[in-house]
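Look at the chain below.

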Amino acid sequence: MSAALDATSSRDSARTDAEPLVIEALSITVRTDDGDRPLLDRIDLQVGPGEIVGLVGESGSGKSVTSRSALGLFPRGATVDGSVLVDGIEVVGGSAQRLREVRRTRAAMIFQDPRSSVNAMHRVGDFLTEGIRARGVPAANAHAEAVEILAEVGIRDPETAMRRYPHEFSGGMLQRIVIAAAVLADPRLILADEATTALDVTTQAEVISLLERARGELGTGLLFVTHDLELAAAVCDRIYVMYAGRVVESGAADEVLAHPQHPYTAGLLSSNPQLTGERRVLSPIPGRPRALTDAPSGCAFRDRCPLAVVECTVDVPALLPHEAAEVACVRPGEAKVAR
């Protein structure tokens, strides 16, 4: 992907030394007919240049809400506290003009369903060149860049592909096109929200390879949202584990997944099927996932945790250093993964 990425990286001279993403004490609450409903509680998260950071957890844990906050995509009518800095630009409370700047040049998102990212009435070529031309690049040059990067991401006959509509592509091919569009934007930050979940294993591996090459050659930071722990272990440099709108564990990917310190992380690994090695009986986490709004007092995981004690009912555990990770638990490191 060298030629296309070289052209892309030379377009934007406004890059800064700021971290691609810094989230500090982010809390989000929405107002409903039944009262205020908290979604996130004091989330701290950081993505460095050229770093792939995983955000894992069960459905409803707050992963997507956290990732979309980087684009200022907060729920309608939400109360937002804390800070979200994208390449040094504050998103929380940002004006429409500031958010356009972030979304146009600083951050790009790849959604799980690529068809949600494209206009079915527009040709692929229009989708790819719109952002380039908005920066004042001549139409012919924008077309040439788009054709080149389509070839780089494995789209056969890219000239013809530029004239086709989204419905003429499979999900895997359309996801490649969406990734190409994200790279063409030359962002400091790429947000991949379950971007590989609906893809077959072969296409998934190719898509991951494209993202890794983009971060390696452009220095782009990548926030990789997934529920696939095996994939996170293989791809990510660091991992944040979320439960009920809070981060419960964070650290280097290999350490967190090899030596989980929080019972929830250990439970996720115990219930995760292995593709290799000896066959084993899965050990699912009892109960159901909790949202922050219906979490019990104290530790939100306590009603599903085999290590819960009276102390877990009192206060929300703080995220504190333990071993090689940070963990929010009064009994860190005691949980074991069922092998």
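A cavity is a set of points, on a 1 Å grid over the protein atoms alone, where a 1.4 Å probe fits but cannot get out. A pocket is an open set with protein on both sides within 12 Å along at least five of seven lines, and lining residues have an atom within 4 Å of a point. Grid points are joined across faces, edges and corners, and a volume is the space filled by probe spheres set on the points. This is a predicted model, in which local features need pLDDT of at least 70 and side-chain atom pairs count only at pLDDT 80 or more, while totals for chains, interfaces and linings use all residues. Residues are numbered from 1 along each chain as its sequence is written, and side-chain values use heavy atoms, with hydrogens and water left out.

**Spaces**

How many cavities of 30 Å³ or more does a search of the whole structure find? The search finds 2.

| Space | Volume | Lining by class |
|---|---|---|
| Largest pocket | about 710 Å³ | 15 nonpolar, 4 polar, 5 charged |
| Largest cavity | about 80 Å³ | 10 nonpolar, 1 polar, 2 charged |
| Second largest cavity | about 30 Å³ | 4 nonpolar, 3 polar, 2 charged |

For these classes, Ala, Val, Leu, Ile, Met, Phe, Trp, Tyr, Cys and Pro count as nonpolar, Asp, Glu, Lys and Arg as charged, and the others, Gly among them, as polar.

Start with the largest pocket. Its lining holds 24 residues. R103, A108, S117, F127 and A181 lie nearest the centre. Helices (H or I, at least four residues) and strands (E, at least two) are DSSP runs, numbered from the N terminus. Four of these elements, α3 (96-106), β6 (107-110), α4 (124-134) and α7 (171-184), each supply at least two lining residues. α4 gives the most, with 6 residues.

Now the largest cavity. It is lined by 13 residues. Nearest its centre are P263, C299, C305, C312 and C329.

The second largest cavity is lined by E58, S59, G60, S61, Y243, A244, Y264, P289 and R290. Where does this cavity lie? It lies between domain 1 (2-236) and domain 2 (240-327), because both give residues to its lining.

**Two domains**

The chain is divided into domain 1 (2-236) and domain 2 (240-327). These bounds come from an automatic or database domain assignment. The domain centres, taken over C-alpha atoms, are 27 Å apart. The contact between the domains takes 26 residues from domain 1 and 21 residues from domain 2. Contact means heavy atoms within 4.5 Å.

**Helix α11**

Is α11 largely enclosed or open? Of its 8 residues, 8 are buried, so α11 is largely enclosed by the rest of the structure. Buried means under 20% relative accessible area, exposed over 50%, and partly exposed in between (1.4 Å probe, protein chains only). The buried residues are P263, Y264, T265, A266, G267, L268, L269 and S270. Their cover includes α9 (229-235), β9 (238-243), β10 (246-252) and α10 (253-258).

Take T265, which lies in α11 (residues 263-270). T265 counts as buried because its relative accessible area is 1%. Its side chain makes a polar contact of 2.7 Å with the side chain of E249. A polar contact is a pair of N or O atoms within 3.5 Å; within protein, one must be able to donate a hydrogen and the other to accept it, and residues adjacent in sequence count only if both atoms are side-chain atoms. Not counting residues up to four places away in sequence, T265 touches V241, E249, V256 and P260.

**Other residues**

P317 lies in the loop between α11 and β11 (320-322). P317 is buried, with a relative accessible area of 18%. Beyond its neighbours within four places in sequence, P317 is in contact with G298, C299, A328 and C329.

V84 sits in strand β4 (residues 79-86). V84 counts as buried, because its relative accessibility is 0%. Leaving aside neighbours within four places in sequence, its contacts include L21, V22, I23 and L26.

Most residues other than glycine have a negative phi. A25, in strand β1 (residues 21-32), has a positive phi near 50°. R42, in strand β2 (residues 35-47), has a positive phi of about 50°. R42 counts as exposed, at 58% relative accessibility.
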